Every structure is written in structure tokens, then in C-alpha cells.
Amino acid sequence: MKAVQFGAGNIGRGFIGLMLSRSGYEVCFAARNGNQVKALQQKKRYKVTFAGEPKQSIWVDGVTGVNLKDRDAVIRKVAEADVVTTAVGASALPEIAEPIARGIEARLASDPRPLLVMACENALSGSALLRRWVMHHLAPQWQPLAESLILFPNTAVDRIVPPQQHADPLAVQVEPYCEWIIERVPLIDRFPAIEGARYVDSLEPFIERKLFTVNTGHSVAAYYGYRQGYRTIQEAMQDADLRRSVERALDETSRLLIAKHGFPPGEHRHYVRKTLRRFENSAIVDKIVRVGRSPLRKLSRNERFVRPALQAHDNGIPVPHLASAIASALLYDDDGDLEAVILQTSIRQRGAGHVIRKHMGIPDTHALHQEILSRYERLKAKASVPSARVR
């Protein structure tokens, strides 16, 4: 079986490519990094190290690479594949949609058979988004056949892989934990199951469980940790008061998730505890500025803070700790982060209330608007900027 993985970054190699290889696929990475592509073509294997105690490593074999600039080669690989996956970032999906569409056309013209396409991105409905772009590029005469044969199940993926550097351009270190949940769609049973992946009829509960627990908790630790001058998430989580703030925010999202999706309380508490232990993994160095970057995206209406806060409020669940976390995010002023600069400029020029109203979509008349604003003003008034901050 053959797979094409768009993106040979740390997630692509350390998560998606690894799991596809374990499931019996020959994996071809389509990537922009010429050094990585050349190394994949020459070595046809790479090492993945699990950052646990003790550390363990495995080799991923049967891999190769193709440069995204070699358009014809990419199209051929897609035409021959059984599975196409991506780990390029949701914003880059439009760029890879055209070669995927051309590959699908070549496939349908010569050997019309099903193809599984999955966008493994940190985004809601990533595969549906990719499908929209691919269908846009697909010639009209191929669209009816593509509708019946090309599958785009949405997925939820979770593995912490911080930025890193190695002498070997293919080596990658990852946390031991991972989760890949795949939406069960018609015809998907024609494809062998991916080892370690979980197939579900409804993806939304698991998307929101991950977003409202892992992403929310990670960001709460980052924004509180930044204000306290910590350098890494692991350092921040050693602060007992800060850890309690993360736990209390996740208590609020937990109440929502259990009420909305019916997760068994004991099972969900175990999931939260495991998530907190992942943040504390001392074998991983996860910088505060990496986790906290792009605050405007993280503060948008359908993201990790505002989405659960609004849903909880609508369900009668108080969210004082989520409101405090949002207020803390509004204070994020890393001058090396363009979104943070834009955020602080907007607050200086038009006020925090404007950001809450226009960017988060919470009107002045909403109780949550007033709660966030008052907590922001209190934090701003009493918080001094730590001189030890690492930029």
C-alpha cells in the first residue's frame, strides 16, 4: 500500500508518517525542504525518539520523498496512492490542493478507484476544508466520479512535538502519547485500518474534548507562565498556584464536555489527569512563546477559549477561571510575535472591550463580556511585567 504525506515536518515524520508506516504503507513525503527530501530519497528511513523515561527510539523504514516543486512527480505519487495525508498547517491547505486535484484527475483517468484523503491539522473540519479547495481545482468532468470515489473524512490528531534541531535532518523527538481519531464515512471500510487510530461515527465530541482540554490547558499554562516569567511549559507547571489555575479552567471545560457529549465522568477525569502529566513531561522542552504564539487566532470565537466559555455560559455553567485565562491572554505582549503586537496595538488604540466585542464576537451586553473585561482590568492594574521574561 502507498501513502503520500504532504509535509515532512516534526508532526509529519514523528506522528502521521510513523503511524502509516506501522500500518504497512510505503510513505512518500511531499515537502519543500530540499535537504529533507534528499535525505529521505537516500536513506529511506529515519529515527523517531520518544521523550519518556527512559527514552526509546525506533526506525521508520520504507519511506522516500519528493519535492513539492517537482509538480509532475507529486501528481504521479498522488495518482498511485491509496492514502493521502497532510500536516502542513491549515493555512497551507489551499497551496497543496491544486497538485492533489491534478493527481486525482490522473488517477480517475487511468485507474478509477477510491482514495482516502485526510488533513491531519490542528483545525476544525480540516479535511472538509481541503475537500472544498480540491474540488475547486478539479475539472468539471471529473467531479461526479470524485464525489463517489474520493473520501475526505475529518480527523482529530494529538501529539506534542516541540521545535527541535538535530544533526540528522530526519531525526525527530516526540512525546510517547498520541491520538488519531478518524470520522467513519461511507466506503472507509474498503481501506485497511490505520494501526493505533480510532474510528468514530461522530467526530465533534472528540474534536471538542481535545480542543477544550489539551489546547485550552496548554494555552492557559502558556499565558499565565508568560506573565510569571517562565521559559517553558514544564517550568510553569511546577508552580503549584499556576497548575491549580490550569486545573480550575479545565474543571469548567470538563463540566461542559460531560454535559454536552456524555463522556463518563471518571473516564474524562482520567483524560484530564493524563493531559496534565503530558504538560509536565520533563523530557520535553516546550517553550512558552511557542505555545502562546498567535494569540489572535487562539482568542477567536471558535477556538480554545471563547468557544467553550460561550457554550458553558449557555448551559448555565459558570466560567470564572476561563474568563481569567482569556484576560491573561489579552495581556500577552511578546514583541517577537506579530499577532501579539497587533493585539496590543488594538487594545491601546481602541480598548480591550473592542477586542472582546469585535474579535471574540462577544457583545457588550453579554455577561461574559463584562466578566472578561473586569478581570482584564484587575490583572492589568496589579500585574507588573517580569524582567526575567524570555523573548
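Helix α14 (residues 320-330) is largely enclosed by the rest of the structure, because 9 of its 11 residues are buried (under 20% relative accessible area, 1.4 Å probe, protein chains only). The model is predicted, with local features needing pLDDT of at least 70 and side-chain atom pairs counting only at pLDDT 80 or more, while totals for chains, interfaces and linings use all residues. Residues are numbered from 1 along each chain as its sequence is written, and side-chain values use heavy atoms, without hydrogens and water. Helices (H or I, at least four residues) and strands (E, at least two) are DSSP runs, numbered from the N terminus.

**Helix α14**
- The buried residues of α14 are Leu322, Ala323, Ser324, Ala325, Ile326, Ala327, Ser328, Ala329 and Leu330.
- These residues pack against α7 (204-228), α9 (240-261), α13 (306-314), α15 (338-350), α16 (352-359) and α17 (367-382), where contact means heavy atoms within 4.5 Å.

**Helices α9 and α10**
- The axes of α9 and α10 (residues 265-280) come within 11 Å and cross at roughly 150 degrees (lines fitted to C-alpha atoms over the stretch in contact; angles run from 0 to 180 degrees between N-to-C directions).
- On the α9 side the contact includes Arg243, Val246 and Leu250, and on the α10 side it includes His268, Val272 and Leu276.

**Strand β3**
- Strand β3 (residues 45-50) runs antiparallel to β4 (residues 56-61), joined by 6 bridges; strands pair if DSSP finds at least two bridges between them.
- A hairpin of 5 residues links β3 to β4, and Tyr46 has Val60 of β4 as its bridge partner.
- β3 also pairs with β10 (residues 172-174) in the parallel sense over 3 bridges, with Thr49 partnered by Gln173 of β10.

Definitions and conventions:
Buried means under 20% relative accessible area, exposed over 50%, partly exposed in between (1.4 Å probe, protein chains only).
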